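Please look at the sequence and the model below before reading on.

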Amino acid sequence: VSGSYDKTVKLWDVSIGSCARTFIGHSDRVESVTYALRAGYANSPNGQIVVSGSFDRTIRFWDCQTGKCFKTHTGYNTGVSAVSFSPCGKLLASGNIDNTIRLWDVNTGSCVRTFAGHTKSVIGVAFSPDGKTIASGGADKRVKLWNVNTGKCIKTFTGHTDWVSGVAFSPDGKTLASSGFDQSIRFWDCQTGQCFRTCTEPSNSIFFLS
């Protein structure tokens, strides 16, 4: 699944390399997308959905079978730059240009919690494999870990010299990778907060990780 500055979201068939469906409805560029295959979503009985965050200040939920938007989250004063599902699929984290992360109940559409601590836009968010922690990266050059249940910041990792645009946990949840406009990917020990490896791309900013 991909999002574009042309305001569309596209679902791709990787076996043949063609676009299977285009979702149209956003009124500004799509900054982030995520895909989930889970049962029990309200108004989406197949459980196959795409979620997109846009600079039009909305998060939209799309049914992959019909291509229809069946739910829209609003309430942002500025654009949405990142979205990530919890492992159980019941919660969605979103990063926002107003420097916050919001935690949403997927079925009710209500905002469960707001995480505040970044001093500039939050560009990347990711859940840990156990669903207990959210990682975030921001334009303030910081990487942060948050307790999902309390909303408290657990750790702050410093080292990037430009915007942090992507974050991703290892499968065991012990390592966090972060990418930045400083042309680097950094690997962090989640317990100690130490950066133990850095990979550099000498010619380009690195936007996203997975």
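How many residues lie between β17 and β18 in their hairpin, and which residue in the turn has a positive phi? Three residues lie between the two strands, and Q183 in the turn has a positive phi of about 70°. This is a predicted model, in which local features need pLDDT of at least 70 and side-chain atom pairs count only at pLDDT 80 or more, while totals for chains, interfaces and linings use all residues. Residues are numbered from 1 along each chain as its sequence is written, and side-chain values use heavy atoms, with hydrogens and water left out.

Strands here are DSSP runs of E with at least two residues, and helices are runs of H or I with at least four, numbered from the N terminus. Two strands pair if DSSP finds at least two bridges between them. Strand β18 covers residues 184-189, and β17 and β18 pair in the antiparallel sense over five bridges. Q183 is found in the loop between β17 and β18, and Q183 has its positive phi although it is not a glycine. With a relative accessible area of 28%, Q183 is partly exposed; buried means under 20% relative accessible area, exposed over 50%, and partly exposed in between, for a 1.4 Å probe and protein chains only.

On its other pairing, β17 meets strand β16 (residues 164-169), again antiparallel and joined by five bridges. S178 takes part here too, as the bridge partner of V167. β16 and β17 form a hairpin with five residues between them, and G173 in that turn has a positive phi of about 75°. How much of β17 itself is buried? Five of the six residues of β17 (residues 175-180) are buried, so the strand is largely enclosed by the rest of the structure.

A pair of aromatic rings is described by the distance of the centres and the angle of the planes. Rings of Phe, Tyr and Trp (its six-membered ring) pair if their centres lie within 6.5 Å; planes under 30 degrees apart count as stacked, over 60 as edge-to-face and the rest as tilted. A search of the whole structure finds six aromatic pairs. Among them is the pair of F157 and W188, which is stacked because the ring centres are 5.1 Å apart and the planes are at 15°. The pair links distant parts of the chain, since F157 is in strand β15 (residues 153-157) and W188 in strand β18, 31 residues apart. F157 is buried, with a relative accessible area of 1%, and W188 counts as buried at 2%.

Now to the chain as a whole. The chain has zero helices and 19 strands. Its radius of gyration is 16 Å, close to the 17 Å that the globule rule gives for 210 residues, so the chain is as compact as a globular protein of that length. The radius is taken over C-alpha atoms, and the rule is 2.2 Å times the number of residues to the power 0.38. Buried residues make up 47% of the 210 residues.

Strand β5 (residues 48-54) is mostly covered, with six of its seven residues buried. Five bridges join β5 to strand β6 (residues 59-63), and the two run antiparallel. Within this pairing, S52 stands opposite R60 in β6. The hairpin has four residues between the strands, and R57 takes a positive phi near 75°, although R57 is not a glycine. R57 is partly exposed, with a relative accessible area of 45%.

Strand β10 (residues 100-105) and strand β11 (residues 111-116) pair in the antiparallel sense over five bridges. W104 stands opposite C111 in β11. In this hairpin, which has five residues between the strands, G109 takes a positive phi near 80°.

Two charged side chains lie over rings. A charge sits over a ring if NZ of Lys or CZ of Arg is within 6 Å of the ring centre and within 35 degrees of the ring normal. R29 lies over the face of F55, at 3.9 Å from the ring centre, and the charged end of K71 sits over the ring of F61, 5.6 Å from its centre.
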